[in-house]
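Here are a few friendly notes to read alongside the model. Have it open as you go through the points.

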Amino acid sequence: MDCRDCTRYDRDERKCLDGKVNPQKWVIAVEVANILGVRALCPLNDFREQLVKSRQRQQDSSGPSQTAR
């Protein structure tokens, strides 16, 4: 989705009113998610769901975390 088509986009300020980012390339979306977290991506970003699912699979495959006693 193009930001300019979104109701949450401020055309005068040229930015998202929610402070989200909408990278147009997979590599950039991965970098943003690694640095800022998946929540920084726009919910309407084409790559967001794929990133969320891949991170869930990573957590599921790592098994339960060990807690210090």
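Predicted model: local features only at pLDDT ≥ 70, side-chain atom pairs only at ≥ 80, totals over all residues.

1. Arg4 and Asp2 join their side chains in a salt bridge, at 3.0 Å from N to O. Arg4 is partly exposed at 48% relative accessibility, and Asp2 is partly exposed too, with a relative accessible area of 31%.

2. Arg8 pairs with Asp18 in a salt bridge whose closest N and O atoms are 2.7 Å apart. Arg8 sits in the segment before β1 (9-10) and Asp18 in the loop between β2 (15-16) and α1, so this pair ties together parts that are ten residues apart in sequence. Arg8 has a relative accessible area of 35% and Asp18 one of 44%, and by these values Arg8 is partly exposed, as is Asp18.

3. A search of the whole structure gives three salt bridges. One of them links the side chains of Arg48 and Glu49, at 3.9 Å from N to O. Here Arg48 is buried, at 18% relative accessible area, whereas Glu49 counts as partly exposed at 44%.

4. Do look at Asn45, in the loop between α1 and α2 (48-62). Asn45 is buried, with a relative accessible area of 5%. Its side chain makes a polar contact with the side chain of Asn22 at 2.6 Å and reaches the backbone oxygen of Pro23 at 2.9 Å.

5. Finally, the largest nonpolar core has eight residues, among them Val38, Phe47 and Leu51. Helix α1 (residues 26-36) gives the most to this core, with three residues. Beyond its neighbours within four places in sequence, Leu51 is in contact with Trp26, Ala29, Val30, Ala33 and Leu41.

Conventions: Residues numbered from 1 in each chain as written. Heavy atoms only, no water. Core = buried A, V, L, I, M, F, W, Y, C linked by side-chain atoms within 4.5 Å. Buried < 20%, exposed > 50% of the residue type's maximum accessible area, 1.4 Å probe, protein only. Helix = DSSP H or I, 4+ residues; strand = E, 2+ residues; numbered from the N terminus. Contact = heavy atoms within 4.5 Å. Polar contact = N/O pair within 3.5 Å; in protein donor to acceptor, adjacent residues only side chain to side chain. Salt bridge = Lys/Arg side-chain N within 4 Å of Asp/Glu carboxyl O.
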